[in-house]
Amino acid sequence: MNQNAPIPFRPGPAEKVAFQRRELGDILTLYGRMVAAGEWRDYGISMLKDVAVFSIFRRAAEHPIYRIEKRPKLATKQQTYAVIGMDGRILKRGADLKQVLRVLEKKLIRAVD
């Protein structure tokens with residue numbers, strides 16, 4: 001019998017940043033309105049160690065047109081939430097998610113003929 005058998009490595013639960021139910025509700029409300037308007041078609045959610053990202057796509061097989069990021073470590077310096085455009089520009093940053101999402105709601109307002 002081999003007494004030097006390797007001990008299986010089981011990493012502990014990794015801490016991940018995630019959107020809370022209220023935050024996802026706010027994001028999905030806006031997403032639903034934009035889908036109904038025909039502007040957006042797909043989304044993706046990533047939960048990583050330092051950031052949670054809600055990516056918005058015009059079509060399923062392309063780069064996201066917007067990213068909504070939550071970075072709790074930046075809460076005291078640059079604010080927790082950010083909306084980032086396709087080109088990497090930060091469109092809006094803030095501590096209140098609803099205020100940050102307003103930059104995307106402006107895209108929904110159009111003149112009626």
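Select Arg 33 and Glu 105: their side chains meet in a salt bridge of 3.0 Å, N to O (a side-chain nitrogen of Lys or Arg within 4 Å of a carboxyl oxygen of Asp or Glu). This pair links distant parts of the chain, with Arg 33 in helix H1 and Glu 105 in helix H2 (residues 97-105), 72 residues apart. The model is predicted, and local features need pLDDT of at least 70, side-chain atom pairs pLDDT 80 or more, whereas totals for chains, interfaces and linings use all residues. Residues are numbered from 1 along each chain as its sequence is written, and side-chain values use heavy atoms, without hydrogens and water.

Remain in helix H1 (residues 21-36) and select Asp 26 and Arg 22, which are four residues apart, about one helical turn. Their salt bridge has its closest N and O atoms 3.5 Å apart. Asp 26 is buried at 17% relative accessible area (buried is under 20%, exposed over 50%, partly exposed in between, with a 1.4 Å probe and protein chains only).

Next, select Arg 67, Glu 69 and Arg 71, a network of salt bridges. Arg 67 and Glu 69 meet at 3.2 Å, N to O; Glu 69 is buried at 8%, whereas Arg 67 is partly exposed at 27%.

Finally, display the open sheet, five strands in the order E1-E2-E3-E4-E5 with antiparallel pairing (strands are DSSP runs of at least two residues, helices H or I runs of at least four, numbered from the N terminus; two strands pair if DSSP finds at least two bridges between them). Its edge strands, E1 and E5 (90-94), each pair on one side only. In E2, Ile 56 is the bridge partner of Tyr 43.
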